[in-house]
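Good morning, everyone, and thank you for making the time.

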Amino acid sequence: MSRQRSMEAILASEFVTIGELVRLTDSRYSTLKFYTEEGMLPFTQAEENLTRRYKREETVARIHFIKELRSGGLSIPQIKEALNKDS
């Protein structure tokens, strides 16, 4: 069983896990996993244990942008299009 890092350690890290993104953005794990599978959240994968790692600042900003678009009533395909224009 892995041990959770403190919020201070998470905020000092360049890369975070999906579980840490849940804590940082107050999002559901299943939602972030869906966004990842849809290619909306880029990540790198560590070779040794296959853990997906996300760039903390960039990904948190992207999740907030997605939430903003969702609250504006955009569909997932429309959000994907907006993300492609933004990047």
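Let me begin with a term that we will need: a nonpolar core is a set of buried Ala, Val, Leu, Ile, Met, Phe, Trp, Tyr and Cys residues that are joined through side-chain atoms within 4.5 Å. Please also keep in mind that what you see here is a predicted model.

With that term in hand, we can turn to the largest nonpolar core, which has 16 residues, and in which Leu21, Leu32, Tyr35, Met40, Leu41 and Ile66 touch the most other members. Which elements give two or more residues to this core? They are helix 2, helix 3, which covers residues 29-37, helix 4, and helix 5, which covers residues 76-86. Helix 4 gives the most, with four residues. As a general remark, nonpolar side chains in soluble globular proteins tend to be buried together.

Let us look at two of these core residues in turn. Tyr35 has its place in helix 3, and because its relative accessible area is 8%, under the cut-off of 20%, Tyr35 counts as buried. If we leave aside its neighbours within four places in sequence, Tyr35 is in contact with Met40, Leu41, Ile66, Arg70 and Ile76.

After helix 4 comes Gly73, which has a positive phi, near 90 degrees.

Now to Thr25, which lies in helix 2, residues 18-25. Is Thr25 buried or exposed? With a relative accessible area of 4%, Thr25 is buried. Its side chain makes a polar contact of 2.9 Å with the side chain of Ser27, and beyond four places in sequence Thr25 is in contact with Leu32, Val60, Ile63, His64 and Lys67.

Next comes the sheet, which is open and is formed by three strands in the order 1-3-2, with antiparallel pairing. Strand 1 and strand 2 are the edge strands, each pairing on one side only. Strand 1, residues 15-16, is joined to strand 3, residues 52-55, by two bridges, and here Phe15 stands opposite Lys55. Strand 2, residues 44-45, likewise pairs with strand 3 over two bridges, with Thr44 opposite Arg53 and Gln45 opposite Arg52. The hairpin of strand 2 and strand 3 has six residues between the strands, and in this hairpin Leu50 takes a positive phi near 60 degrees.

Finally, a word on the record: UniProt, in an unreviewed entry, places the feature "domain: HTH merR-type" at residues 17-85. Over residues 17-85 the chain is 62% helix and 9% strand, and the end C-alpha atoms are 26 Å apart.

Methods
Residues numbered from 1 in each chain as written. Predicted model: local features only at pLDDT ≥ 70, side-chain atom pairs only at ≥ 80, totals over all residues. Heavy atoms only, no water. Buried < 20%, exposed > 50% of the residue type's maximum accessible area, 1.4 Å probe, protein only. Polar contact = N/O pair within 3.5 Å; in protein donor to acceptor, adjacent residues only side chain to side chain. Contact = heavy atoms within 4.5 Å. Pairing = 2+ DSSP bridges. UniProt positions renumbered as here; feature names shortened; annotations may be inferred.
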